[in-house]
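Please read the following walk through a protein model with the coordinates open beside the text. The paragraphs move from one residue to the next, and terms are defined where they come up.

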Amino acid sequence: PSGYWRTWNSSRTREMTQGLNTPLGWLDDEYRINGNGSGANSNGQSFTADLVNVVRKNTCRWITSGTISLTPSGRQTRTIDFGNGNCDDQATVSIGNYSRTITLR
């Protein structure tokens with residue numbers, strides 16, 4: 001009724017890299033995720049997104065490595081780098097030459 005809309009299309013591959021058929025069941029499973037997406041809204045804004053080697057370990061609360069990049073139309077790419085595989089709550093967000101360490105929740 002408001003006339004506003006959003007669209008989203010994505011594709012991803014989730015690959016189990018560790019933990020299959022272990023005594024711990026799903027608790028020690030690890031996955032690597034790669035993919036991309038794009039979207040738009042009724043305000044004429046659009047974006048693209050890319051996930052590159054994002055690793056999720058069920059033994060850790062946070063993503064442990066890989067990058068997610070988001071590029072809004074007409075703006076610089078924003079990249080979240082989750083690090084080198086350590087289980088911690090730290091990631092680096094970069095836009096152009098600017099970078100900042102953030103704490104994940």
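The side chain of Asn41 makes a polar contact with the side chain of Gln45 at 2.9 Å, where a polar contact is a pair of N or O atoms within 3.5 Å, of which, within protein, one must be able to donate a hydrogen and the other to accept it, while residues adjacent in sequence count only if both atoms are side-chain atoms. This is a predicted model, in which local features need pLDDT of at least 70 and side-chain atom pairs count only at pLDDT 80 or more, whereas totals for chains, interfaces and linings use all residues. Residues are numbered from 1 along each chain as its sequence is written, and side-chain values use heavy atoms, with hydrogens and water left out.

The side chain of Asn41 also reaches the backbone nitrogen of Asn43, at 2.9 Å. Asn41 belongs to strand S2, helices (H or I, at least four residues) and strands (E, at least two) being DSSP runs numbered from the N terminus. Asn41 counts as buried because its relative accessible area is 16%; buried means under 20%, exposed over 50%, and partly exposed in between, with a 1.4 Å probe and protein chains only. When neighbours within four places in sequence are left aside, Asn41 is in contact with Trp5 and Arg6, contact meaning heavy atoms within 4.5 Å.

Strand S2 also holds Asn34, which is partly exposed with a relative accessible area of 27%. The C-alpha atoms of Asn34 and Leu51 are 5.0 Å apart in space, although the two residues are 17 residues apart in sequence. Beyond the neighbours within four places in sequence, Asn34 is in contact with Ser11, Arg12, Thr13, Leu51, Val52 and Asn53, and the side chain of Asn34 reaches the backbone nitrogen of Asn53 at 2.6 Å.

Side chains of opposite charge can pair when their charged atoms come close. The structure holds 1 salt bridge, defined as a side-chain nitrogen of Lys or Arg within 4 Å of a carboxyl oxygen of Asp or Glu. In that bridge the side chains of Arg32 and Glu15 meet at 3.4 Å, N to O. Arg32 lies in strand S2 and Glu15 in strand S1, so the pair ties together parts that are 17 residues apart in sequence. Arg32 is partly exposed at 29% relative accessibility, and Glu15 is partly exposed at 38%.

Strand S4, residues 63-72, contains Ser69, which counts as buried because its relative accessibility is 17%. The side chain of Ser69 makes a polar contact with the side chain of Thr79 at 3.2 Å. Apart from neighbours within four places in sequence, the residues in contact with Ser69 are Thr48, Ala49, Asp50, Thr77, Arg78 and Thr79.

Lys57 is found in strand S3, residues 46-57. Not counting residues up to four places away in sequence, Lys57 touches Asp29, Glu30, Thr64 and Gly85, and a polar atom of the Lys57 side chain lies 3.5 Å from the backbone oxygen of Gly85. Lys57 and Asn86 are 29 residues apart in sequence and 10 Å apart in space, C-alpha to C-alpha.

The loop between strand S1 (6-18) and strand S2 (30-41) includes Leu27, which is partly exposed at 42% relative accessibility.
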